[in-house]
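Trainee: I would like to learn how to read the spaces inside a protein model. Can we work through one together?

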Amino acid sequence: MSDIRVELTTGPKAKPKDENAIGFGNIYTDHMFVMNYDEERGWHDPRIVPYGDIALAPTAMCLHYGQTVFEGLKAYRGDDDSIYLFRPDKNFERLNLSCRRLCIPLLDEQLCLEGLKKLVEVEKDWVPHVENTSLYIRPFIISTEPHLGVKPSSSYLFIIVMSPSGPYYKSGLKPVDIYVETEYVRAVKGGMGMAKTGGNYAVSLKSQVEAEAAGFSQTLWLDGVERKYIEEVGAMNIFFVMEDEVITPMINGSILSGITRMSVIELLKSEGYKVTERRISIDEISDAYDMGRLKEVFGTGTAAVISPVGVLKWEDKVMAVSDGAIGPVSRHLYEELTAIQWGRKEGFPGWSVKVC
Ligand SMILES: *Cc1c(COP(=O)(O)O)cnc(C)c1O
């Protein structure tokens, strides 16, 4: 058994009054989980302490060479006022996968999960109450050794912070317009596209800014070599409904293996849908659209759960998917997954984890 030390704040902050207006990533709860790594002790001193600034040397390696990884998940308040997590074990499994790629020492996944549950329990009053709100959870690791040579750091900090967030959809599911990026690329096989790391976001900003300036909400990435095969969208994986088949790009080393993606595949298969993970080119999508075979396109990720795509723009071609409406598969998945996440419905074993 681990010993997670708890030091409670003496000055708790006021909780937000209007939970509909919190937005995303603006306010933080009173406490955070912290653990240190050094070469003599390994990961040590897991603790819950008051939320606050951290001190770093100006030469801390994370500030220069980007040796950082992170995760994102949510805690949900059920109708019975219990607090639930959705497949949190998968997040720590993926965190370790990211650590491996970035030469960061692996974590004890059980200890992380225990620390997270304890933190959520301490902060349970911060989980918002209004429909579709949640407590966003951000575990992350940064390298901290003060050193300017390039090598893996010898010291790290693991931290979990939490941020109450408002409803992603204020008035029900809403389609997003997406722009197929043909100039910039996000990742290549052998790179770090499969890791959840800050660098993958730094490299995406330019495309995101240009997509927004052109009136689109996100970028759809193509593969970095042939610029032909579909990868993923911003911070979401992508699915295509073609006639009665659901197709999504296979995990290939350059896309992030989303937990929502994994859950959508498992759910659809259990319901008898034909789900295929394979390479799929933008030309194939474009042809299917022309032939009227492309029924729905949707993104999957923790933030939006399911994000139906209204318009897909590729070069000069504007594809109005499902005539801008929300397709039945997208709607069904959204309703099913949110019911499980908010504890209203039993998912598969281990999907809905009750914390307190
Ligand atoms: C986090 C993330 C996703 C979605 O993963 P989920 O586990 O479903 O939230 C997809 N793509 C990228 C690049 C991501 O960082």
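**Spaces and a ligand**

Mentor: Gladly. A search of the whole structure, which is a predicted model, finds 1 cavity of 30 Å³ or more.

Trainee: How much space lies in the largest cavity?

Mentor: A cavity is a space where a probe fits but cannot get out. Here the largest cavity holds about 80 Å³ of space.

Trainee: Which residues line the largest cavity?

Mentor: Read the list in sequence order. The lining is made of G72, L73, K74, Y76, F86, N91, I259, T260, T302 and Q341. The largest share comes from β5, with 3 residues.

Trainee: How do the residues of that lining divide into nonpolar, polar and charged?

Mentor: Count by class. The lining of the largest cavity has 4 nonpolar, 5 polar and 1 charged residues.

Trainee: Now the open spaces. How much space lies in the largest pocket?

Mentor: A pocket, unlike a cavity, is an open set of points. The largest pocket contains about 1,100 Å³ of space. It is lined by 49 residues, and F24, Y201, A235, M236 and A303 are the closest to its centre.

Trainee: Which elements each supply at least two residues of the pocket lining?

Mentor: Look for both helices and strands. The helices are α4 (198–202), α5 (205–213), α6 (259–270) and α8 (328–341). The strands are β7 (134–143), β10 (218–222) and β15 (294–301). By class, the lining of the largest pocket splits into 19 nonpolar, 22 polar and 8 charged residues.

Trainee: Where does the ligand sit?

Mentor: The ligand sits in the largest pocket. Around the ligand are 15 residues, and the closest are K196, Y201, E232, T260 and T302. That shell divides into 5 nonpolar, 6 polar and 4 charged residues.

Trainee: How much of the ligand's accessible area does the protein cover?

Mentor: Compare with the ligand on its own, where the accessible area is 380 Å². The protein covers 97% of that.

Terms used:
Residues are numbered from 1 along each chain as its sequence is written. This is a predicted model: local features need pLDDT of at least 70, side-chain atom pairs count only at pLDDT 80 or more; totals for chains, interfaces and linings use all residues. Side-chain values use heavy atoms; hydrogens and water are left out. A residue is near a molecule or strand if one of its heavy atoms lies within 4 Å of it. Accessible areas come from the Shrake-Rupley method with a 1.4 Å probe; for residues, only the protein chains shown count as cover. On a 1 Å grid over the protein atoms alone, a cavity is a set of points where a 1.4 Å probe fits but cannot get out, and a pocket is an open set with protein on both sides within 12 Å along at least five of seven lines; lining residues have an atom within 4 Å of a point. A molecule sits in a cavity or pocket if more than half of its atoms lie within 2 Å of its grid points. Ala, Val, Leu, Ile, Met, Phe, Trp, Tyr, Cys and Pro count as nonpolar, Asp, Glu, Lys and Arg as charged, and the others, Gly among them, as polar. Grid points are joined across faces, edges and corners, and a volume is the space filled by probe spheres set on the points. Helices (H or I, at least four residues) and strands (E, at least two) are DSSP runs, numbered from the N terminus.
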